[in-house]
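Visitor: I am new to this structure. Please show me how to read it, feature by feature.

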Amino acid sequence: MQLDSKVPSGPIQDAWDKHRFDMKLVNPSNKRKYEVIVVGTGLAGASAAATMGELGYRVKVFTYHDSPRRAHSIAAQGGINAAKNYQGDGDSIYRLFYDTVKGGDFRSREANVYRLAQISLNIIDQAVAQGVPFAREYGGHLANRSFGGAQVSRTFYARGQTGQQLLLGCYQALERQIHAGTVEIYTRREMLDLVVVDGVARGIVTRDLVTGKVESHAAHAVVLATGGYANAFFLSTNAKASNVTAKWRATKRGAGFANPCYTQIHPTCIPPAGAYQSKLTLMSESLRNDGRIWVPKAAGDDRPPAQIPESERDYYLERMYPSFGNLVPRDIASRRAKQMVDSGHGVGELHNGVYLDFDEAIARLGEDVIRDRYGNLFDMYQKITGENPYRVPMRIYPAPHYTMGGLWVDYELQTTVPGLFAIGEANFSDHGANRLGASALMQGLADGYFVLPNTIGNYLARLKMTPVDTGHAAFADAEREVAEKTTRLLSIKGTRTVDELHHELGSLLWHKCGLERTAEGLKEAIEEIPRIRERFWNEVNVPGSGETLNQSLEKAGRVADFMEFAEILCRDALARDESCGAHFRVEHVTEEGEAKRDDEHFSHVAVWEFKGVGEEPVLHKEPLEFEYVPLSQRSYK
Amino acid sequence: MNLTLHVWRQPGPQASGRFETYRVEGVSEHASFLEMLDLLNENLTREGKEPVAFEHDCREGICGSCGMMVNGIPHGPDTLVATCQLHMRKFNDGDEIWVEPWRATPFPIIRDLVVDRSAFDRIIQAGGYVSVRTGSAPEANATPIPKRVADEAMDAAACIGCAACVAACPNASAMLFTAAKISHLGILPQGQPERYGRVLEMIAQHDLEGFGTCTNHGACQEACPKGISVDVIARLNRDLLVGTWKEAGV
């Protein structure tokens, strides 16, 4: 596996300009000769499909939803970063670049991050022109807020629904191209395999979720915009259908998978209420601006919070981190909450959360101010828990939320399989070992609107290949494999449901490869996963047939892939014998108890090559160099 | 709590459907309505039966996938929530609950509670956008927009496309959905160049899909999980009138 990052030489400030000039262009009249497949219609997929359609390529876009607008980007609450410096508070492209590299704990590629910061400006312009109703000041100009511990206000937002509004912008641009006939959409189709001919990506195999029909689609290039894999843990903030299948199929066909162990756990989610819990709901991180986090000092203290006097409360973040207090980064806040719960200080009926208390803020600012700032979040909390957070402290607990790892891509967003591109959360490119708040939307749209539509031309313009259509034997082979797997899943008729088995895998991952990881625990997980996988294939019961809408079958196929993928997730976490960002190995802590990097041995991207189910994958490394942002240790004391 | 459910079961688009009665026991009041259906489906699967098909994804009220008639009310007895945010504490032990799919001719049933809402996408395709080429946008702050205007646009833009408005309407009109988009874009300066063409195209598509006309019942506003007001329909009607005159050269 060759890992050529294709990072342009010369000063980082000019790299993207220089690269755009160096890339070959596709003649406008030739663009319609090229077909491009885009899988996924979130921010990255919809924006890429719309832009490429507009440029003149023939685009086919696929989603397993009934409409492109359902993609999980829709659920992003907080906002989108851009280095506009509208507040005049010292922001710049360079500062956004610097913050992102540092926030990623020095495990991302500098040139990619710099380009992201540059493009952030264009994204806001584009979204506003589309009619995205960002928050405004009374003077009519765009409003900003500070987010996720940033020292400047660079986050643009549309109430608590920024992801929704940005996605609707992309969705509408996409629907416009569908209307114009440049993009053809296939809804309720799930990609179940990638077709590679002579080492080059040439198409996909899908299943029609309504009729069960397995279909082949050929193209000159394939773009995966299929999101993250946090649902490997079963309970996460991801939508129920979010899955690893498309990326994992690509991995099995030769694409390298980068940094799977970088999984972000969000500190402020509502804790599970019972065994029936199907997913976890995130409460915006902004709540930590005014809420104080605490647990009872005495383990097992079951008194209602109001009856616990101040002297018997432990405001542990304020105690441990006097200067940042409740605003420490996500990974620290998450880890400390888990430690409190694990040591018996958890609150609520199930002792599985910590308090986020607004009592003092309400006393200081008044209930109206708090309602104005967080009213919609408080309402949401009350709807879910039945408790009134104006009177009783919220209960929160960390939950898997975002995955920085993904398919390895070069500077042009091309994977190790020529002709296969990955964009948005599906690639590994920009966030290193930890993503900053309000940066996911930025990256998805940068990739989709501004990077990929340029770089894909450089691939297509150089393409000299024999025509391949779906009649090629590789398509028939892939279709057969997909059909066989479906038949196999339906024929087991065991005694356990898909969810039960997914729960089993998720619980193992959460305990052994979640917030805190140890070599011992990871080795146990690597031994246990094949056993769970075997149980899955012997004991699962998938009711119904393959010729109709069958949601159990869809779920079973996705869980089957998580069962295989989980192994490289744990192997990566074991191989990365350091702590960095969201990856916390208990063996590697600073004297202050924080993540301790080992730059000498681990300043690289870990890229895994699939060798077969149950076989040990091969690790390749892309070295990372830091020319512009000096390596340093984070400190939030 | 223990419940009796009457759920609409229909194996496919062409098959005939009927209510099936199920007993669900030991439901926590903290569970969501969809988690209660998960419990039913786990039980059905263990009994070797086929689970109830229903659409859902984000389970936090923003993707718009879920939606069903619960005791004859779109998204059930709570207000300002999608079905995924309806919690069982809104019900009592021993309740009988009737669960049906959205009923409207333009939404053919695919299976059980799953309907085909692609008509909504086609209404947007007809004109629910601002035509702006990627990269050709002016500087974002070049056009100041009063906060009041931006807020009003955001109120309309909050629509999640769940189609509860159609399900609630005695005419199966999709006017609230269509008007929400027309208002969102028609209020903002960016939407002005295409404003009147947009309304004509979108309404033509709305009618072509077989949705009924609006007769001001207001049931859509009551059912909307995002609280979108029927004011948007008044705005649509005004733009439709002006657009029709302009087209006729009046």
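Visitor: Does H583(A) count as buried or exposed, and why?

Guide: This is a predicted model, in which local features need pLDDT of at least 70, side-chain atom pairs count only at pLDDT 80 or more, and totals for chains, interfaces and linings use all residues. Residues are numbered from 1 along each chain as its sequence is written, while chains are lettered from A and ligands numbered from 1 in the order in which they are written. Now the idea: a residue is buried if 20 or more other C-beta atoms lie within 10 Å of its own, exposed if 12 or fewer, and partly exposed in between, with C-beta atoms placed from the backbone. H583(A) has 28 C-beta neighbours inside 10 Å, so it counts as buried.

Visitor: Where is H583(A) found?

Guide: Helices (H or I, at least four residues) and strands (E, at least two) are DSSP runs, numbered from the N terminus. H583(A) sits in the loop between α16 and α17 (599-602) of chain A.

Visitor: Which residues does H583(A) touch?

Guide: Two residues are in contact if their C-beta atoms, placed from the backbone, lie within 7 Å. Not counting residues up to four places away in sequence, H583(A) touches C261(A), Y262(A), A433(A), A573(A) and R576(A). Sequence distance is another matter. C513(A) is 70 residues from H583(A) in sequence, and the two are 9.0 Å apart in space, C-alpha to C-alpha.

Visitor: What is the largest nonpolar core, and which residues touch the most other members?

Guide: A nonpolar core is a set of buried Ala, Val, Leu, Ile, Met, Phe, Trp, Tyr and Cys residues joined through C-beta atoms within 7 Å. Here the largest has 280 residues, and those touching the most other members are V36(A), V223(A), L407(A), C165(B), V166(B) and L176(B). Helix α16 (residues 551-575) of chain A gives the most to this core, with 13 residues. Take C165(B): beyond its neighbours within four places in sequence, its contacts are A174(B), L176(B), F177(B), C220(B), A223(B) and C224(B).

Visitor: How many residues of α5(A) are buried?

Guide: 19 of the 21 residues are buried, so α5(A) is largely enclosed by the rest of the structure.

Visitor: What span should helix α5 (residues 110-130) of chain A have?

Guide: The expected span of a helix is 1.5 Å times one less than its number of residues. For the 21 residues of α5(A) that gives 30 Å, and its end C-alpha atoms are 30 Å apart, which agrees.

Visitor: Where does α5(A) bend?

Guide: A bend at a residue is the angle between axes fitted to the seven residues ending there and the seven starting there. α5(A) bends by about 30° at I119(A). Just after this helix, G131(A) takes a positive phi of about 95°.

Visitor: What domains does chain B have?

Guide: Domain bounds come from an automatic or database domain assignment. For chain B, that assignment gives domain 1 (3-111) and domain 2 (118-248). Their contact takes 17 residues from domain 1 of chain B and 16 residues from domain 2 of chain B. The C-alpha centres of these two domains are 29 Å apart.

Visitor: How many residues does each chain give to the contact between chain A and chain B?

Guide: Chain A gives 62 residues and chain B gives 69 residues. On the side of chain A that touches chain B, the largest share, nine residues, comes from α6(A).
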